[in-house]
Amino acid sequence: QVQLVESGGGLVQAGGSLRLSCAASGRTFSNYAMGWFRQAPGKEREFVVRISRSGANTNYADSVKGRFTISRDNAKNTVYLQMISLEPEDTAVYYCAAGAYGIRDREYPYWGQGTQVTVSS
């Protein structure tokens, strides 16, 4: 089992920045690729970004490319999501997940509880 706890969400104005963190415990963190997904009200959960086990490979959804940056610190068992130039359309609950290096949520067996990001216009 892997336990994941997100933090860093909040309310920010459009154009602002936030940094989300996801702390892992349990099994060896570096054994898992990590992903961030988000779910806006009334919408399905969608892929945002993924990072490989070593951190050498990343892949972003087109909607966040150039604005979001994922990173991980395997020594600290933590993955980060730096978000800049936030837009109201980024408003959602953000989830981190641990699993295979995929873009579908079914590829990630372990999920955090989510953290709310609200971007005001």
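Student: Which residue does a disulfide join to Cys22?

Tutor: The disulfide joins Cys22 to Cys96, with an S to S distance of 1.9 Å. A disulfide here is a pair of cysteine sulfur atoms within 2.5 Å.

Student: Is that from an experiment or a prediction?

Tutor: This is a predicted model, in which local features need pLDDT of at least 70 and side-chain atom pairs count only at pLDDT 80 or more, while totals for chains, interfaces and linings use all residues. Residues are numbered from 1 along each chain as its sequence is written, and side-chain values use heavy atoms, with hydrogens and water left out.

Student: How many disulfides does the structure hold?

Tutor: The structure holds one disulfide. The link of Cys22 and Cys96 is right-handed, with 50° about the S-S bond.

Student: Are Cys22 and Cys96 buried or exposed?

Tutor: Both Cys22 and Cys96 are buried. Buried means under 20% relative accessible area, exposed means over 50%, and partly exposed lies in between, computed with a 1.4 Å probe on protein chains only.

Student: Now the sheets. In what order do the four strands of the open sheet stand?

Tutor: The order is 1-3-8-7, with antiparallel pairing. Two strands pair if DSSP finds at least two bridges between them. Strand 1 (2–7) and strand 7 (68–73) are at the edges with a single partner strand each, so one side of each has no neighbour in the sheet. On average, neighbouring strands of this sheet are turned by 15° against each other, direction ignored; the axes are lines fitted to C-alpha atoms, for helices over the stretch in contact, and angles run from 0 to 180 degrees between N-to-C directions.

Student: How many bridges pair strand 7 with strand 8?

Tutor: Six bridges pair strand 7 with strand 8 (residues 78–83), in the antiparallel sense. Ile70 stands opposite Leu81 in strand 8.

Student: Back to strand 9. How many of its eight residues are buried?

Tutor: Seven of the eight are buried, so strand 9 is largely enclosed by the rest of the structure.

Student: Which strands run antiparallel to it?

Tutor: Strand 4 (residues 33–39) pairs antiparallel with strand 9 over seven bridges, and Trp36 stands opposite Cys96. Strand 11 (residues 115–120) is joined to strand 9 by three bridges, also antiparallel, with Val93 opposite Gln116. Strand 10 (residues 110–111) is joined to strand 9 by two bridges and runs antiparallel to it; there Tyr110 is the bridge partner of Ala98.

Student: Where does Asp105 lie?

Tutor: Asp105 lies in the loop between strand 9 and strand 10, and at 31% relative accessibility it counts as partly exposed. Beyond residues up to four places away in sequence, Asp105 touches Phe37, Arg45 and Trp111. The side chains of Asp105 and Arg45 are joined by a polar contact of 3.4 Å. Such a contact is a pair of N or O atoms within 3.5 Å; within protein, one must be able to donate a hydrogen and the other to accept it, and residues adjacent in sequence count only if both atoms are side-chain atoms.

Student: How many salt bridges does a search of the whole structure find?

Tutor: The search finds seven salt bridges, each being a side-chain nitrogen of Lys or Arg within 4 Å of a carboxyl oxygen of Asp or Glu.

Student: Which residues are linked in a network?

Tutor: Arg38, Glu46, Arg67, Glu87 and Asp90 are linked in a network of salt bridges. Arg38 meets Glu46 at 2.6 Å, N to O, and forms a salt bridge with Asp90 whose closest N and O atoms are 2.9 Å apart. The pair of Arg38 in strand 4 and Asp90 in the loop between strand 8 and strand 9 links parts of the chain 52 residues apart.

Student: And are Arg38 and Asp90 buried or exposed?

Tutor: Both are buried, Arg38 with a relative accessible area of 6%. Glu46, at 35%, is partly exposed.

How values were computed
Contact = heavy atoms within 4.5 Å.
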